[in-house]
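Please look over the sequence and the model below before reading on. The report takes up a surface patch and then a sheet with its helices.

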Amino acid sequence: MIERLPLATDRPWLATGVTAAMIAAALVLRIIADPALPPGFPFVTFFPAVILASALFGLRMGALAGLACGLLAWFIFVGERNSFALDWGGVVAMAFYTLVVGTDLAIIHWMQRANAKLARERELSRALAETRELLFSELQHRVSNNLQVVAGLVSLQKRQIADPQARAALDEASRRLALIGRISRQLYDAAGSTRRMREFLEPLCHDVIEASGRAGIRCDVRVDGDALLAPDSAIPLALIVAEAMANAIEHGFAGRETGVIEVTLTRDGEQRIAIEVRDDGHGLPEGFDIEASGSLGLRIARMLAEQLRGSFDLVGGTGATARLVLPA
């Protein structure tokens, strides 16, 4: 409300009318209170009228109220009644009134100018923040599109290569690029703030399933004891989880149209959190050793886990479980 002052700047007739009413009310109150007041208080009801007029309607109405109230007080209550004649005491009283009113008007005017400047600066900051968010969103959109274009170009290049291993490598590179392109829009926040793991994992898992084109696969996210995700940890974590899910889809559900992937986040003590990607697929091959595995994706996942000061491993059993342990 204070920042909206002064009021009625586009309706001067309204401001003038209300100011005149306040002046009249101040005069009536002073006349009523006159018998009860001791000598020396000629302006006691006029000061509030001047301050209110200035605060509500600005410097001009405040000056008008100050002038009118001063003349009324001078004519009726200062010196000789109903006369503008002044003795030395009356001169001092009017000088005091002028000083107080001038000071009040100046302070209120400066405050309103400061409030107006603050409101303009806040509006400018809001507009700049909106522009930044729009530019950030557009940048994310363009980066995502460019990555998917690169993935498409790699996929096209694959058709011209006869070597099966080279084709498989290009196919894997194309898949990873396309996946990064799909999830890149949710990796960053324009304000650089931390995010909750759940709000990060759920859309990530949805994007990985959608990118696979396997409509029969379902992903469930379960979080027991949510944790914060730092902005600089978003990409490595996204790539590790996406790689674990992609392995489950490609190998665990090979030859199957349906399957369930469960992504869980739990507290592993006070200092660590564990993210597990568990599927109900075929499970790991007998004698599987991640250290001896030639999978580039698994090597990348372990390298990224070390970058996050954590560990990554694959565990067999009913289906397969990829386990990522990170500092809390």
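Which residues form a nonpolar patch on the surface?

## Basis of the model

This is a predicted model, in which local features need pLDDT of at least 70 and side-chain atom pairs count only at pLDDT 80 or more, while totals for chains, interfaces and linings use all residues. Residues are numbered from 1 along each chain as its sequence is written, and side-chain values use heavy atoms, with hydrogens and water left out.

## The surface patch

The nonpolar patch is formed by L67, L71, F75 and F84, which together have about 360 Å² of accessible area (Shrake-Rupley method, 1.4 Å probe, with only the protein chains shown counting as cover for residues). Patch residues have over 30% relative accessible area and no salt bridge, and nonpolar side chains (Val, Leu, Ile, Met, Phe, Trp, Tyr) are joined within 5 Å, like charges within 9 Å; a salt bridge is a side-chain nitrogen of Lys or Arg within 4 Å of a carboxyl oxygen of Asp or Glu.

L71 belongs to helix α3, residues 59-76 (helices are DSSP runs of H or I with at least four residues, strands runs of E with at least two, numbered from the N terminus).

## The sheet

Five strands make an open sheet in the order β2-β4-β5-β7-β6, with mixed pairing (two strands pair if DSSP finds at least two bridges between them). Its edge strands, β2 (217-224) and β6 (311-315), each pair on one side only. Strand β7 (residues 321-327) pairs with β6 in the antiparallel sense over five bridges, and R323 in β7 is the bridge partner of D313.
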